[in-house]
Amino acid sequence: MGSPQTDADARYIQMTQTPIPKLIPRLAVPTIISMLITSFYNMADTFFVSKISTSASGAVGIVFSLMAIIQAIGFTFGVGSGSYISRLLGEHNPERANQAASTAFFSAAACGLVIAVFGLLFIDPFMRLLGATPTILPYARDYARYILIGAPYMAASFVMNNNLRSEGSALLSMIGIAAGAVLNIALDPLFIFTFNMGIAGAALATILSQLVSFFILLSNFTRGRSSISLHIRHFCVRWSMFREILRTGLPTFYRQGLASVAAILLNVFAAPFGDSAIAGMSITTRVIMFLVSVLIGFGQGFQPVAGFNYGAKRYDRLLDAFWFCVKVGTLAFLAIGALGFFFAPQVLAAFIDDPEVIRIGTLAMRLQSATLPFQVWVIISNMMYQSIGYGTQASVLALARQGLFFIPLIMLLPIPLGVLGVQLSQPIADICTFLVALALTGGTLRRLRGMRDQMQTSCA
């Protein structure tokens, strides 16, 4: 094993010199697998719990809002520190990178602990706030109790995932996530059916699997497999450190936090149409998130390339990487969206044998599948902004999809349109967000082209 400095130099050369069409797929394949596996945690629970009852399936959708809150905390510190770490490594500043990683890790764990304590103390009102109906509440309570126990290390795991990817070690991140996911899929039926634990068994399987992933990810930092060091002595209490982390991490908090609020409102406004509506929209949301995780994983392969090359003033490579991701992502999601559209009924039927759930979910899935290609430009643009430290632009895009569009739509459309308004809210929000991103990113790309031309002129 080489020294940390040698490894850092090798990664710098890799990120700033490897051809873009070769580099991004190399980094993206492990991150895509990681994202798909992460989605499997939720998909496996949804699949097995749906075999219990429609109300139990709805409870997974309720507690998904809680998991989204935990994820929001983890990704805020993880993406924020990861973006900063990429730029610091591009500037040859590994000590500051260690401080950023450690500060984010311990901060996320502390926030997760706060959520766990208050969530367990007020679990029933918390579940009602998230949209649980009287029939769903007992299932949601049993499921959420275990998830809250795992909140501290779940949040910290998201930080380690992002930090490994930020230094170009996506394969190490994938291994940690994969081990936990395989365990989760094995434990779900064992705990739910064999041990007769019901929905609580699904939650226990999830947090045990997440704990295994946590320790595997942590071992990469403690055993020197990463060029970054995690230690409490690296924890930095200065505002300058938190400012840098939050500058690019807050857009993720806005996006993930609003996703939590959106999920709560989706449950609340679907509830008048019965548990079948909640279950149908819950399954649809999980499936679409599973598909979008492919794009997010691809974009996360782009992020360290963007951060490294921006820090190294290789604006030409940053632009090449952006357009490569947009072109490949759009073609891929035209195909993925078509599959989701045509096979929506079969997908819903694989989860649950309830005609009303399948009917409601099928239309929702077809509408959202049709707008999947529009998300490519939005997600790649947002990831570019976070990677290069453009916090304001990243925040605008993060707020747009759920905050500016979906939340008002889900509150308004069901009034005249009924359940159709619930089904239409997300696809309309996706189209509106695409139009905002198109206008916003166009100006940034022109600015980056000017910086590229200036660098090329000065080097000539």
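Asn267 sits in helix α10 (residues 239–270). The model is predicted: local features need pLDDT of at least 70, side-chain atom pairs count only at pLDDT 80 or more, and totals for chains, interfaces and linings use all residues. Residues are numbered from 1 along each chain as its sequence is written, and side-chain values use heavy atoms, with hydrogens and water left out. The chain holds 18 helices and 0 strands. Helices (H or I, at least four residues) and strands (E, at least two) are DSSP runs, numbered from the N terminus.

**Overall build**

- The chain has 460 residues and a radius of gyration of 21 Å; a compact globule would come out near 23 Å, which agrees.
- That radius is taken over C-alpha atoms, and the globule rule is 2.2 Å times the number of residues to the power 0.38.
- Along its principal axes, the C-alpha trace spans about 70 × 45 × 35 Å.
- Of the 460 residues, 62% count as buried. Buried means under 20% relative accessible area, exposed means over 50%, and partly exposed lies in between (1.4 Å probe, protein chains only).
- Take contacts between residues at least 6 apart in sequence: 83% of them join residues at least 24 apart. Contact means heavy atoms within 4.5 Å.

**Surface and charge**

- The chain exposes about 17200 Å², and carbon and sulfur atoms supply 70% of it.
- Accessible areas come from the Shrake-Rupley method with a 1.4 Å probe; for residues, only the protein chains shown count as cover.
- There are 29 positive and 18 negative side chains. Lys and Arg count as positive, Asp and Glu as negative; His and the chain ends are not counted.
- The centres of the two charge sets lie 7 Å apart. Each charge is placed at NZ of Lys, CZ of Arg, CG of Asp or CD of Glu.

- Helix α3 has 37 residues and should span 54 Å at 1.5 Å a residue; its end C-alpha atoms are 51 Å apart, which agrees. The expected span is 1.5 Å times one less than the number of residues.
- Cover is heavy here: 36 of the 37 residues of α3 are buried.
- Ser65 lies in α3. Its relative accessibility is 0%, so Ser65 counts as buried.
- Beyond four places in sequence, Ser65 touches Leu130, Ser260, Ala263, Ile264 and Asn267.
- Asn267 is also buried, at 5% relative accessibility.
- Not counting residues up to four places away, Asn267 touches Gly61, Ile62, Ser65, Leu130, Gly131 and Ile278.

**Positive phi in two loops**

- His92 is not a glycine, yet its phi is positive, about 60 degrees.
- His92 is in the loop between α3 (54–90) and α4 (94–121). With a relative accessible area of 45%, His92 is partly exposed.
- Asn196 also has a positive phi, near 55 degrees, and is a residue other than glycine.
- Asn196 is in the loop between α8 (170–194) and α9 (199–222). At 67% relative accessibility, Asn196 counts as exposed.

- Asn220 is found in helix α9 and is buried at 4% relative accessibility.
- Asn220 and Met160 are 60 residues apart in sequence; their C-alpha atoms are 9.2 Å apart.
- Leaving aside neighbours within four places, Asn220 is in contact with Leu164, Leu172, Arg225 and Ser226.
- Ala350 is in helix α13 (residues 344–351). At 39% relative accessibility, Ala350 counts as partly exposed.
- Ala350 and Ser50 are 300 residues apart in sequence and 9.8 Å apart in space, C-alpha to C-alpha.
- Ala350 touches Phe47 and Lys51, residues up to four places away not counted.
- Thr444 lies in helix α18 (residues 419–459). Its relative accessible area is 3%, so Thr444 is buried.
- Thr444 and Ser381 are 63 residues apart along the chain, with 9.6 Å between their C-alpha atoms.
- Setting aside neighbours within four places in sequence, Thr444 is in contact with Met384, Tyr385 and Tyr390.
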